[in-house]
Amino acid sequence: MVFKLTILITLFVSITIFILTDAGLVLGTVFGGRDELNSTKYCFCFKWGSEGTANGKFLRPHDVSFDSKGDVYVSDRDRNDIQKFTPNGTFIMKWGSEGDKAGQFNVPYSIEIDPLDNIYVVDRGNDRIQKFDGKGTFIDQWDRPDRINGTEEEDEFASPEDMVIDQKSGIIYVTDTGNERVVKLERNFSYILEWGTDGGKASNEKGKFNHPHGIDIDSQGNVYVNELENPRIQKFDGNGTFIKQWGSEGKGPGEFTPLLEHLEVDSKRDMIFMVDGALNPRIQIFDTEGNFTTSIGTYGTADGQLSKPEHVNIDSSGNVYVVDRGNQRMQVFSPC
């Protein structure tokens with residue numbers, strides 16, 4: 001059989017292959033070395049929320065997380081509260097107000113939930129992490145990574161932005177953004193080690209950071225960090241040893257625009273969901289080796305479109321919850 005192979009490289013760094021055979025013209029598209037036609041696709045499922053201060057509304061929603069029952073928690077930077085919803089978006093309760101007392105917030109940034117359904121809120125503006133039970137009752141707080149052992153003043157958190165708990169070991173990792181480092185802690189927040197810091201200076205070098213922003217771990221305990229100011233994802237082992245990085249500036253598959261938002265690892269499937277942010281609103285999905293597989297969303301206000309997305313999370317069924325901040329709503333996508 002005689003055939004002709006033509007490869008067209010598009011502006012989006014994709015490869016379109018036209019194969020002329022006896023059966024006619026066959027077309028396929030490959031991104032980042034993997035056939036996107038064979039990857040999981042995601043379709044819009046439902047949404048909730050609008051702008052406002054009433055229950056179930058948002059002013060600047062930022063992060064989303066789930067407890068063991070599947071209930072959904074959303075932090076709001078401008079409302080300075082945490083709202084709790086059922087999986088389908090029905091409002092349950094809220095807690096928090098602006099301030100620096102226990103249970104109050106100054107830019108509640110990220111949320112993490114442990115196996116006992118305790119809720120940890122990264123209270124960025126107050127340079128601390130607060131712990132609550134599932135009803136929003138305050139339990140404890142930490143303003144430094146080694147408080148129990150009595151640390152120096154300079155070891156206090158400085159504008160921390162994200163954290164993750166290893167659900168198997170209880171080990172905690174925090175992006176201590178103002179100190180340009182990642183801190184590894186015991187479950188009681190006692191210090192283990194840190195990496196990335198260069199005297200608190202920002203850096204573009206491998207293993208260092210320029211505004212460490214999002215952090216998560218995979219099923220093998222590897223740690224992934226993205227930065228607000230560097231268009232890349234870095235991968236480390238659990239002790240901070242650099243493994244690899246990927247990404248460059250751009251709008252094509254596997255590329256990132258400036259002001260990169262937060263990543264999330266679906267640890268059941270070991271897939272990495274990266275929020276590309278305000279300048280190119282989409283969620284890119286990679287495997288743990290950095291191979292691009294597919295993306296979710298384009299700019300707009302219609303169902304399935306995004307404006308200034310900030311965080312993403314994946315529930316136990318593989319549904320993807322996206323904090324669509326510019327549209328003041330939550331959107332949910334399902335495999336299709």
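Predicted model: local features only at pLDDT ≥ 70, side-chain atom pairs only at ≥ 80, totals over all residues.

1. Residues are numbered from 1 along each chain as its sequence is written, and side-chain values use heavy atoms, with hydrogens and water left out.

2. The whole structure holds 17 salt bridges (a side-chain nitrogen of Lys or Arg within 4 Å of a carboxyl oxygen of Asp or Glu).

3. Do look at Arg60 and Glu310, whose closest N and O atoms are 3.0 Å apart in a salt bridge. Arg60 sits in the loop between β5 (42–48) and β6 (61–66) and Glu310 in strand β26 (residues 309–314), so this pair links parts of the chain 250 residues apart (strands are DSSP runs of E, at least two residues, numbered from the N terminus). Arg60 is partly exposed at 21% relative accessibility, while Glu310 is buried at 0% (buried is under 20% relative accessible area, exposed over 50%, partly exposed in between, with a 1.4 Å probe and protein chains only).

4. Arg144 and Glu156 form another salt bridge, at 2.5 Å between the closest N and O atoms. Both lie in the loop between β13 (138–142) and β14 (162–165), 12 residues apart in sequence. Arg144 is buried at 14%; Glu156 is partly exposed at 23%.

5. Glu227 and Arg232 meet in a salt bridge of 2.6 Å, N to O, and both are buried.

6. Finally, shared partners join Arg60, Glu310 and Arg325 into one salt-bridge network.

Methods. Helix = DSSP H or I, 4+ residues; strand = E, 2+ residues; numbered from the N terminus.
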